[in-house]
Amino acid sequence: MALIAASRLLLLNPAKHAGALVVACRHSSSSTTNLKDVLSEIIPKEQARVRDFRQENGNAVIGQVTVDMAYGGMRGIKGLVTETSVLDPDEGIRFRGYSIPECQKLLPKAPGGAEPLPEGLFWLLITGKVPTQEQVSWVSAEWAKRAALPSHVVTMIDNFPTNLHPMSQLSASVTALNSESKFVAAYGEGVNKAKYWEYTYEDSMDLIAKLPTIAAKIYRNLYREGSSIGAIDPALDWSKNFTNMLGYSDVQFTELMRLYLTIHSDHEGGNVSAHTCHLVGSALSDPYLSFAAAMNGLAGPLHGLANQEVLVWLTQLQKELGADVPIEKLRDFIWNTLKSGRVSP
């Protein structure tokens, strides 16, 4: 989710941020490695396509709303356009029409690696096209170039109390990066709204590049006694630099990280964090503020924090029942959780 949410303003808000709502095709038709140049060709055409589509179908009815939907947090209401991914309860998720196994096969990999690079899925999500190895290498180098943190953010992270949850530290750190926003600077100078997407792109690329640095810094402070994260290697990919900063050199761990970051890059547009990013961005808040808001939504126990809640619940289960638990006792433990008024993660 973290990979693409920062770019959702660019992709999914054509009225405010000139979104590139493109139809997926099977392979990249351009040899250009600079992503911004590719988007410069795509976006005007897609703006025209969306404009024509809305003029022709603007009054079409796409669904109806019931009272239960309204009280249930808009569950089941068709009210957003999301072209980057579709989640089917039976089949699973597809990114621009591709399943996870198809992405594993089609997307470029690191030299000697077996899993796709998240840079490749990012290119696919943004453009709708499967990138070449050269295009993915360009993204890797671009993110490495943008990864350094401003000193005031480093100082802030180092001064967080150790009892402040890592997600709270992440959100606050991303918010503080607002001082670096190119969109804010351009908007303050009266830039034409047709160029909003260019500055949103720059902020989004900067933010995605800096996320591993922030996360590694927080991790080291909390779990590695504040040891140094080291330096970014411009010759390495996004995931490899991240695992290096975390302090892990195992090849399998890095491959797992590449796959993990790839398949968690997008999750439709209606979940709490993605929708929050859309909502805040619709006010022309810059990508740093929009993404920080999304992270606050992700931190909830019914969303991203559920990963932590599962581990806590399983630890408690093992503490009470031991490692080898019969089905009957496990069923009773789950029912006791539910009957106590708590959520079963």
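View 1. Leucine 125 counts as buried because its relative accessibility is 0% (buried means under 20% relative accessible area, exposed over 50% and partly exposed in between, with a 1.4 Å probe and protein chains only). The model is predicted, and local features therefore need pLDDT of at least 70 and side-chain atom pairs pLDDT 80 or more, whereas totals for chains, interfaces and linings use all residues. Residues are numbered from 1 along each chain as its sequence is written, and side-chain values use heavy atoms, with hydrogens and water left out. Leucine 125 belongs to helix 7 (helices, H or I of at least four residues, and strands, E of at least two, are DSSP runs numbered from the N terminus). Between the C-alpha atoms of leucine 125 and alanine 172 there are 27 Å in space, and the two residues are 47 apart in sequence.

**View 2. The largest nonpolar core.** This core holds 25 residues, and Leu35, Leu39, Phe122, Trp143, Tyr201 and Met205 have the most contacts inside it (a nonpolar core is a set of buried Ala, Val, Leu, Ile, Met, Phe, Trp, Tyr and Cys residues joined through side-chain atoms within 4.5 Å). At least two of its residues come from each of helix 4 (35-57), helix 7 (118-127), helix 8 (133-145), helix 12 (196-223), helix 13 (238-246) and helix 14 (251-263). Helix 12 provides the largest share, seven residues. Domain 1 (83-146 + 236-268) and domain 2 (148-231 + 273-299) each contribute at least three residues to this core, with domain bounds taken from an automatic or database assignment. Another core, of 19 residues, lies apart from it and includes Val153, Ile157, Ala292 and Met295.

View 3. Because both domain 1 (83-146 + 236-268) and domain 2 (148-231 + 273-299) give residues to its lining, the largest pocket lies between them. Its volume is about 1800 Å³, a volume being the space filled by probe spheres set on grid points joined across faces, edges and corners. On a 1 Å grid over the protein atoms alone, a pocket is an open set of points with protein on both sides within 12 Å along at least five of seven lines, a cavity is a set where a 1.4 Å probe fits but cannot get out, and lining residues have an atom within 4 Å of a point. Of the 44 residues that line the largest pocket, Met167, Tyr260, Leu298, Gly304 and Asn307 lie nearest its centre. Helix 12 gives the most to this lining, seven residues, and the lining as a whole has 32 nonpolar, eleven polar and one charged residues (Ala, Val, Leu, Ile, Met, Phe, Trp, Tyr, Cys and Pro count as nonpolar, Asp, Glu, Lys and Arg as charged, and the others, Gly among them, as polar).

**View 4. The largest cavity.** By class, the lining of the largest cavity comprises nine nonpolar, three polar and one charged residues.

**View 5. Threonine 84 in its loop.** Threonine 84 sits in the loop between helix 5 (67-71) and strand 1 (85-88), and a relative accessible area of 1% makes threonine 84 buried. The side chains of threonine 84 and aspartate 266 are joined by a polar contact of 2.5 Å (a pair of N or O atoms within 3.5 Å; within protein, one must be able to donate a hydrogen and the other to accept it, and residues adjacent in sequence count only if both atoms are side-chain atoms).
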